[in-house]
Amino acid sequence: MTLSDGRVVTGKYQCLDEHMNFILQGATERRVVRERAGVEGSVDRQEVRNLGLVMLPGKHMVKVEVKEIGKDPLEIRRAGRKEGAGVP
């Protein structure tokens, strides 16, 4: 998820409320920090920090991307059973 100030936060989606606020578990924040480098101008470096469980306000969302889709629980149960055993 990209926020309005340029930060990118990744994590496992937990829920979404009526205000479009996202709850993420195991969240990590990445941001680019521009530092002065004397005569050459500036140098960009990336800062990363672990946030854990976070609520991201919907009003600050610029972009939301799905990087990986988890397996359907029914498919996981089917894969764990012998062929022909059926699924409850």
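Tyr-13, Leu-16 and Met-20 form a nonpolar patch on the surface of this predicted model. Together the three residues have about 300 Å² of accessible area. Such patches are made of residues with over 30% relative accessible area and no salt bridge, with nonpolar side chains (Val, Leu, Ile, Met, Phe, Trp, Tyr) joined within 5 Å and like charges within 9 Å. Accessible areas come from the Shrake-Rupley method with a 1.4 Å probe, and for residues only the protein chains shown count as cover. In this predicted model, local features need pLDDT of at least 70 and side-chain atom pairs count only at pLDDT 80 or more, while totals for chains, interfaces and linings use all residues. Residues are numbered from 1 along each chain as its sequence is written, and side-chain values use heavy atoms, with hydrogens and water left out.

Met-20 belongs to the loop between E2 and E3. Helices (H or I, at least four residues) and strands (E, at least two) are DSSP runs, numbered from the N terminus. Met-20 is partly exposed, because its relative accessibility is 46%. The classes are buried (under 20% relative accessible area), exposed (over 50%) and partly exposed (in between), with a 1.4 Å probe and protein chains only. Met-20 is not a glycine, yet it has a positive phi of about 65°.

The loop belongs to a hairpin. E2 and E3 form this hairpin with 5 residues between them. Strand E2 spans residues 8–16 and strand E3 residues 22–36. The two strands pair in the antiparallel sense over 7 bridges. Pairing requires at least two bridges found by DSSP between two strands. Within this pairing, Val-9 has Glu-29 of E3 as its bridge partner.

Asp-17 also lies in the loop between E2 and E3. With 31% relative accessibility, Asp-17 counts as partly exposed. Its C-alpha atom is separated by 9.1 Å from that of Gly-58. Asp-17 and Gly-58 are 41 residues apart along the chain.

The largest nonpolar core has 9 residues: Met-1, Leu-3, Val-9, Phe-22, Leu-24, Ala-27, Val-54, Leu-56 and Met-61. E3 and strand E4 (42–56) each supply at least two residues of this core. E3 gives the largest share, 3 residues. A nonpolar core is a set of buried Ala, Val, Leu, Ile, Met, Phe, Trp, Tyr and Cys residues joined through side-chain atoms within 4.5 Å.

Met-61, one of the core residues, touches Met-1, Thr-2, Leu-3, Phe-22 and Leu-56, not counting residues up to four places away in sequence. Contact means heavy atoms within 4.5 Å. Val-64 is in contact with Met-1 and Phe-22, leaving aside its neighbours within four places in sequence. Val-64 lies in the loop between strand E5 (61–63) and helix H1 (73–80). Val-64 counts as partly exposed, at 44% relative accessibility. The C-alpha atoms of Val-64 and Leu-3 are separated by 9.0 Å. Along the chain, these two residues are 61 residues apart.

Charged pairs were also searched. The whole structure holds 7 salt bridges. A salt bridge is a side-chain nitrogen of Lys or Arg within 4 Å of a carboxyl oxygen of Asp or Glu. Glu-29 takes part in a salt bridge with Arg-7, with the closest N and O atoms 2.8 Å apart. This pair links distant parts of the chain, 22 residues apart: Glu-29 is in strand E3, and Arg-7 is in the loop between strand E1 (2–3) and E2. Glu-29 is buried, as its relative accessible area is 3%. Arg-7 is partly exposed, at 27% relative accessibility.

Glu-29 forms a further salt bridge, with Arg-49. Here the closest N and O atoms are 2.6 Å apart. Glu-29 lies in strand E3 and Arg-49 in strand E4, so the pair ties together parts that are 20 residues apart in sequence. Arg-49 counts as partly exposed, at 47% relative accessibility.

Glu-65 forms a salt bridge with Lys-63. Its closest N and O atoms are 3.8 Å apart. Both residues are classed as partly exposed: Glu-65 has a relative accessible area of 43%, and Lys-63 has a relative accessibility of 44%. Elsewhere, salt bridges that share partners join Asp-5, Arg-7, Glu-29 and Arg-49 into one network.
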